[in-house]
Amino acid sequence: MNASNPLDVNRLRAETPGVAFGNHLNNAGASLPPAPVHDAIRDYLKAELEMGGYEAAAAHPGAIREAYDAVEALLGATPGSVAFVENATVAFSQALSSIPFRRGDVILTTRHDYVSNQLMYLSLAERFGVELVRAPDAPEGGVDTGAMLELLHRRRPRLVAMTHIPTNSGLVQDPVPVARAAREREIPFLLDACQSVGQMPVDVREIGATFVAATSRKFLRGPRGSGFLWVDPEALDAGLAPLFPDLHGADWIEADLLQPAPDARRFENWEFSWALVLGTGAAARYATDCGLEAIRDRAWGLAARLRTQLEAVDGVTVLDRGARLGAIVTVAVEGWTPSALVSALRKVGIRTSALERSSAVLDFDARGIEGALRLSPHVFNTEDELQAAVDALAELAASPGRK
Ligand SMILES: Cc1ncc(COP(=O)(O)O)c(C=O)c1O
């Protein structure tokens with residue numbers, strides 16, 4: 001512990017077995033889970049091993065309920081407002097499927113939505129004649145909130161959607177004014193919180209969205225293959241439901257959890273991994289116990305330090321833009337493609353990820369960027385690990401022509 005941040009980094013590292021195996025700066029890709037996440041999954045899989053999948057679920061209603069409780073507590077949400085799904089993309093598509101779009105309807109969004117979300121909008125445009133309107137950027141980067149509000153008033157969209165923390169630019173956007181304006185006009189607001197959940201406080205009461213979509217494996221430090229959708233209980237009461245509602249009414253299984261779903265579970269599929277749901281619940285509890293403000297302050301502090309260090313390296317350009325920057329750091333290195341950098345860094349035990357043009361066509365093309373290397377520290381990373389990454393990149397930048 002130190003005076004400026006209540007997190008005990010030694011303890012966080014002791015609880016994160018993966019730190020012994022490498023310098024993990026890929027938390028925006030998939031983070032290292034803490035031990036309780038692994039334990040929850042392992043124990044549940046053991047129950048499945050011993051009694052079979054359906055019987056294991058029927059024998060663990062309390063543990064399953066606690067996973068819902070933990071994610072709802074993480075989001076400041078009320079009981080029954082979270083649906084577990086496989087990932088953020090499924091959460092997003094389930095939410096979209098509940099809006100009865102008609103020809104000529106407008107989806108208002110930004111230039112910073114994740115690529116899979118953009119593809120869903122394009123598909124809706126092609127199939128149903130929905131019009132896609134993207135609000136312009138502010139000069140400092142990120143959506144121009146004033147312009148978005150003006151479009152919201154003038155175009156009266158059928159849906160407003162935005163991404164809290166885009167995958168590719170360090171940016172943190174403010175959804176609150178847009179969500180509030182959408183609510184005043186009774187327009188559904190869909191927030192992609194895939195990178196923000198677990199990285200910073202995401203309080204659904206404060207944001208006032210209709211939907212919040214997220215994944216487990218990134219800054220939340222849960223397992224791969226698990227995600228969730230929060231749905232506003234008022235919208236649920238009003239009958240909002242996905243195109244294919246769940247089969248929770250299958251009463252041939254005797255467990256409370258599997259009775260017909262009056263709540264957000266109507267957005268779930270019947271079949272998915274309860275082991276991963278329990279892992280997600282453990283990750284949510286772990287993050288809540290750490291404190292989301294403390295997590296944000298440490299992760300953003302490490303990222304800010306990394307940017308400053310990298311800016312001083314010859315041949316390295318820091319690409320992040322925005323009034324508020326989070327725990328994602330993006331750089332270009334002269335003479336190197338992002339994927340060649342990822343491979344070279346991996347050889348020396350440093351884990352990062354490559355963002356190709358296709359990850360963020362709109363933003364990268366507008367800025368004339370072909371791709372970027374992404375480094376994304378989290379609370380358990382140390383200042384020494386950052387320095388090691390900076391030194392390695394300095395060495396690579398000084399080796400021209402090695403792509
Ligand atoms: C901002 C953002 N939204 C959505 C997604 C999609 O998440 P998933 O792969 O869990 O569907 C990602 C993945 O990188 C992302 O960064």
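**From one alanine to the whole fold**

Ala 287 sits in helix 11; helices (H or I, at least four residues) and strands (E, at least two) are DSSP runs, numbered from the N terminus. The model is predicted: local features need pLDDT of at least 70, side-chain atom pairs count only at pLDDT 80 or more, and totals for chains, interfaces and linings use all residues. Residue numbers start from 1 along each chain as its sequence is written.

Is Ala 287 buried or exposed? Ala 287 counts as buried, because it has 22 C-beta neighbours inside 10 Å. The cut-offs are these: buried means 20 or more other C-beta atoms within 10 Å of the residue's own, exposed means 12 or fewer, and partly exposed lies in between, with C-beta atoms placed from the backbone. Leaving aside neighbours within four places in sequence, Ala 287 is in contact with Leu 74, Gly 198, Leu 220, Leu 292 and Ile 295. Contact means that the C-beta atoms of two residues, placed from the backbone, lie within 7 Å. Ala 397 is 110 residues from Ala 287 in sequence and 36 Å from it in space, C-alpha to C-alpha.

Now step back to the whole chain. The protein has 15 helices and 13 strands. Its C-alpha trace spans about 65 × 55 × 40 Å along the principal axes. Of its 403 residues, 50% count as buried. Among contacts between residues at least 6 apart in sequence, 72% join residues at least 24 apart.

The protein is divided into domain 1 (9-25 + 292-397) and domain 2 (37-290). These bounds come from an automatic or database domain assignment. The C-alpha centres of the two domains lie 27 Å apart. Their contact takes 27 residues from domain 1 and 20 residues from domain 2. On the domain 1 side, helix 12 (292-311), strand 10 (329-333) and helix 14 (361-367) each supply at least two residues. Helix 12 gives the most to that side, with six residues. By class, the domain 1 side has 15 nonpolar, six polar and six charged residues. Here Ala, Val, Leu, Ile, Met, Phe, Trp, Tyr, Cys and Pro count as nonpolar, Asp, Glu, Lys and Arg as charged, and the others, Gly among them, as polar.

Next, the core. The largest nonpolar core has 118 residues. Such a core is a set of buried Ala, Val, Leu, Ile, Met, Phe, Trp, Tyr and Cys residues joined through C-beta atoms within 7 Å. Ala 91, Phe 211, Val 212, Ala 213, Phe 228, Leu 229 and Trp 230 touch the most other members. Helix 11 (residues 274-290) gives the most to this core, with eleven residues. Why does the core lie between the domains? Domain 1 and domain 2 both give residues to it, so it lies between them. Leu 229 shows some of the packing: beyond four places in sequence, its contacts include Ala 83, Val 85, Ala 91, Phe 211 and Phe 267.

Ala 28 is in the loop between strand 1 (23-24) and helix 2 (35-51). With 28 C-beta neighbours inside 10 Å, Ala 28 counts as buried. Ile 328 is 300 residues from Ala 28 in sequence but 7.0 Å from it in space, C-alpha to C-alpha. Ala 28 also touches Thr 167, among other residues.

Of the 13 residues around the ligand, Asn 87, Thr 89, Tyr 114, Thr 167 and Thr 215 come nearest; a residue is near if its C-beta atom, placed from the backbone, lies within 6 Å. The shell has four nonpolar, eight polar and one charged residues.
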